[in-house]
There are 2 protein chains.
Amino acid sequence: MTNELNEKWQRLQQVMQENGADGCLVASNRNLYYLTGSLFNGYFYLPAEGQPHCFVKRPPMPPVTECHTIRKPEQLPEWFVQLGLPQPRVLMLESAQLTYAEFVRLQRIFGSAQITDASQPLSWLRMIKTPWEIGQMRLSAQRQIELCALIPQCYHKGMTDIDLQIEIEYRMRKLGSLGYFHTAGSGMEVYMGSLLAGGNAATPAPYDFALGGGGLHPSVPLGANGTRLEEGMAVMADMAGNYTAYQSDMTRVYSVGRLSAEACRAHHVALEIEARMEAAARPGVACADLYADALQTARDAGLADCFMGSRFQAKFVGHGVGLDINEPPVLTPRSQDVLQAGMTFAFEPKFVVAGVGAVGIENTYLVTENGVEKLTVWNEEIVELK
Amino acid sequence: MTNELNEKWQRLQQVMQENGADGCLVASNRNLYYLTGSLFNGYFYLPAEGQPHCFVKRPPMPPVTECHTIRKPEQLPEWFVQLGLPQPRVLMLESAQLTYAEFVRLQRIFGSAQITDASQPLSWLRMIKTPWEIGQMRLSAQRQIELCALIPQCYHKGMTDIDLQIEIEYRMRKLGSLGYFHTAGSGMEVYMGSLLAGGNAATPAPYDFALGGGGLHPSVPLGANGTRLEEGMAVMADMAGNYTAYQSDMTRVYSVGRLSAEACRAHHVALEIEARMEAAARPGVACADLYADALQTARDAGLADCFMGSRFQAKFVGHGVGLDINEPPVLTPRSQDVLQAGMTFAFEPKFVVAGVGAVGIENTYLVTENGVEKLTVWNEEIVELK
């Protein structure tokens with residue numbers, strides 16, 4: 001872990017030097033974990049040169065680097081003096097993770113410093129995974145694969161979508177799911193993933209996910225809505241891959257009895273879109289081109305109207321994954337992102353077929369030197385629930 | 001619901017008029033739900049006089065008031081012109097919920113307006129519950145009570161704390177738990193509550209909860225840590241009361257076999273602290289006085305060293321509950337809060353007894369005109385697991 005963290009600190013210091021920043025102060029859970037391998041209540045400070053320091057408001061102390069106890073962030077400048085750390089002239093703070101109140105408080109404390117954003121540079125660093133991070137994602141992916149195989153055992157005739165989801169969640173926890181589902185952005189509150197059965201797959205949700213679902217309560221407007229599972233219905237399971245801090249993302253489709261020929265055809269168009277991406281993706285390929293190709297294949301199949309939703313259509317077909325489920329790169333029409341080795345992303349061509357539900361696929365990929373490697377290898381055909 | 005929302009809007013307009021604000025723009029999930037009874041992707045705008053408007057970036061539309069479709073917040077000022085809404089000279093924005101980037105973007109859009117904080121006034125409004133909100137909390141409390149009775153059935157000999165927690169979570173979901181656990185603050189990431197067995201109860205966690213626990217993974221440092229449940233161990237179950245959007249909070253202690261006389265005595269001191277609070281609490285009573293009395297009772301019993309933790313001691317004995325599990329008022333040594341009718345708060349005197357674990361109690365109370373009413377009425381003695 002020491003080497004892992006040293007590498008991350010050096011990469012961040014390089015960014016700081018390129019941007020003319022003297023220091024980077026991090027306080028959000030996700031970036032604290034990224035930079036220390038732990039969560040604690042306080043601040044991680046990395047100067048442009050030298051070793052980082054942690055300033056901790058209450059135990060536990062992070063098990064890395066030098067730690068100092070503080071009551072409040074106003075004590076940071078005096079600690080800097082005591083430790084011989086220069087007061088930063090240009091300080092990086094997380095504008096996309098800290099609340100306005102938290103950010104402005106730190107801004108005041110370092111009143112003489114020019115403040116620049118830490119969130120964007122850190123998200124770009126996080127986008128390229130280290131070998132250890134990739135190993136963590138493989139562990140999550142392996143558990144997700146095990147779960148997929150258990151889903152048919154969760155089903156019994158007459159149950160609702162939420163009944164099935166509860167059985168799945170139970171097995172996820174038994175397989176070691178850490179529970180909390182990490183998303184970036186202040187409003188994406190999701191529990192353990194989403195299970196969409198039948199017509200509920202067409203219902204839009206407020207969050208920027210591939211598909212929605214009405215949910216069970218106005219305060220949790222996503223996913224299962226109490227639909228009774230009936231013959232001819234597609235059941236799409238897009239449950240969390242949170243078995244380590246590094247999440248994988250994987251969707252499989254199950255069916256109650258057989259699905260219509262139209263639904264089966266749409267499913268196979270999704271697999272074709274996936275195969276085309278797998279053949280094309282490699283370092284240097286533009287994410288916008290991957291989206292365009294996916295949309296074109298959907299169009300050619302006459303399925304553009306139900307690609308990535310029907311009543312509402314998501315304008316992406318994939319997204320980076322890692323500590324958050326929605327990281328860069330994004331596979332959208334206007335994405336500026338270009339694939340690089342070490343990126344991990346989910347690719348999820350999906351269709352909502354009227355009268356049936358959602359079909360399609362989602363897998364997590366690692367970008368390698370000359371292509372992509374699928375981390376979530378498991379049967380991609382529709383699995384019948386009996 | 002219409003009357004409910006109208007009352008909330010009027011209360012907020014009164015605050016706005018007192019503060020000289022012309023408008024309040026809300027974008028955080030919790031305040032959107034408070035003010036519209038739903039979640040959506042966009043903004044709720046309330047002028048100081050007249051009806052509110054919702055500006056929605058993607059469906060679904062909230063089922064209240066006038067809704068308008070926008071792509072981005074930069075379109076808000078032109079919408080205001082079109083709707084005949086005056087551009088606000090003093091605008092309230094949520095400084096404690098929006099990220100710095102989100103807040104500053106809105107600040108720029110309403111460049112001519114003076115910005116004042118909406119978070120604090122909204123949290124004070126939310127502190128006093130309406131009859132409907134109290135009804136929702138009663139529903140959550142009722143389910144929590146049902147759960148407590150089911151916990152003994154979840155136990156079998158040889159299991160670990162996390163094994164037991166998973167069984168409890170499964171029953172919570174079957175009872176209608178909505179899953180997602182709502183906390184205020186950018187970093188309090190908790191799954192379905194906390195189960196603390198034996199010595200793990202003494203381990204501090206980074207979050208501002210009554211007790212900690214080491215957790216199962218450095219990215220989720222709270223609660224159960226894989227402790228095998230053994231004879232003489234206390235098992236404290238402080239699981240989420242999230243059966244409606246309005247959460248209740250309730251803790252009960254279970255034991256594997258019998259606990260030591262010292263642990264039983266500490267448990268009864270906690271019940272005594274609770275009884276003293278119940279006798280004293282009514283509108284006008286200072287929350288700091290309730291804390292001071294609790295601490296004094298712990299001191300008199302010679303238990304000050306293990307009150308609210310041992311290796312780390314939380315400096316509160318209660319907290320407001322509702323849409324978030326950690327709302328005002330706070331029952332801390334220096335709290336400025338004073339009880340008012342319609343407040344709901346959790347009171348949780350707890351002790352960590354060396355070699356045994358955590359004992360004590362937590363219940364949710366409603367402040368009435370002349371006292372408090374306990375919403376989570378159930379056996380308060382330690383329940384033996386067999």
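Trainee: How much of chain A counts as buried?
Mentor: This is a predicted model, by the way. In it, 54% of the 386 residues of chain A count as buried.

Trainee: And what is chain A built from, in helices and strands?
Mentor: Chain A has nine helices and 18 strands. Its radius of gyration is 22 Å, close to the 21 Å from the globule rule for 386 residues, so chain A is as compact as a globular protein of that length.

Trainee: What box do its C-alpha atoms fill?
Mentor: Roughly 70 × 40 × 35 Å, along the principal axes.

Trainee: OK, switching to the two chains. How many residues of chain B are in contact with chain A?
Mentor: 43 residues of chain B, and they touch 43 residues of chain A. Helix 7 of chain B gives the most to chain B's side, with five residues. By class, that side has 24 nonpolar, 13 polar and six charged residues.

Trainee: So how do helix 7 of chain A and helix 7 of chain B pack?
Mentor: Their axes are 10 Å apart, at an angle of about 165 degrees. Angles over 145 degrees count as roughly antiparallel, and therefore these two helices are roughly antiparallel to each other. The crossing is right-handed.

Trainee: Which residues make that contact?
Mentor: On helix 7 of chain A they include Ile166(A), Tyr170(A) and Arg173(A), and on helix 7 of chain B they include Ile166(B), Tyr170(B) and Arg173(B).

Trainee: And by class?
Mentor: The contact between the two helices has four nonpolar, no polar and six charged residues.

How values were computed:
Residues are numbered from 1 along each chain as its sequence is written. Chains are lettered from A and ligands numbered from 1 in the order in which they are written. This is a predicted model: local features need pLDDT of at least 70, side-chain atom pairs count only at pLDDT 80 or more; totals for chains, interfaces and linings use all residues. Axes are lines fitted to C-alpha atoms, for helices over the stretch in contact, and angles run from 0 to 180 degrees between N-to-C directions. Helices (H or I, at least four residues) and strands (E, at least two) are DSSP runs, numbered from the N terminus. Angles under 35 degrees count as roughly parallel, over 145 as roughly antiparallel, 65 to 115 as roughly perpendicular and the rest as oblique. A crossing is left-handed if the near helix is turned anticlockwise from the far one by less than a right angle, and right-handed if clockwise. Two residues are in contact if their C-beta atoms, placed from the backbone, lie within 7 Å. Ala, Val, Leu, Ile, Met, Phe, Trp, Tyr, Cys and Pro count as nonpolar, Asp, Glu, Lys and Arg as charged, and the others, Gly among them, as polar. The radius of gyration is taken over C-alpha atoms; the globule rule is 2.2 Å times the number of residues to the power 0.38. A residue is buried if 20 or more other C-beta atoms lie within 10 Å of its own, exposed if 12 or fewer, and partly exposed in between; C-beta atoms are placed from the backbone.
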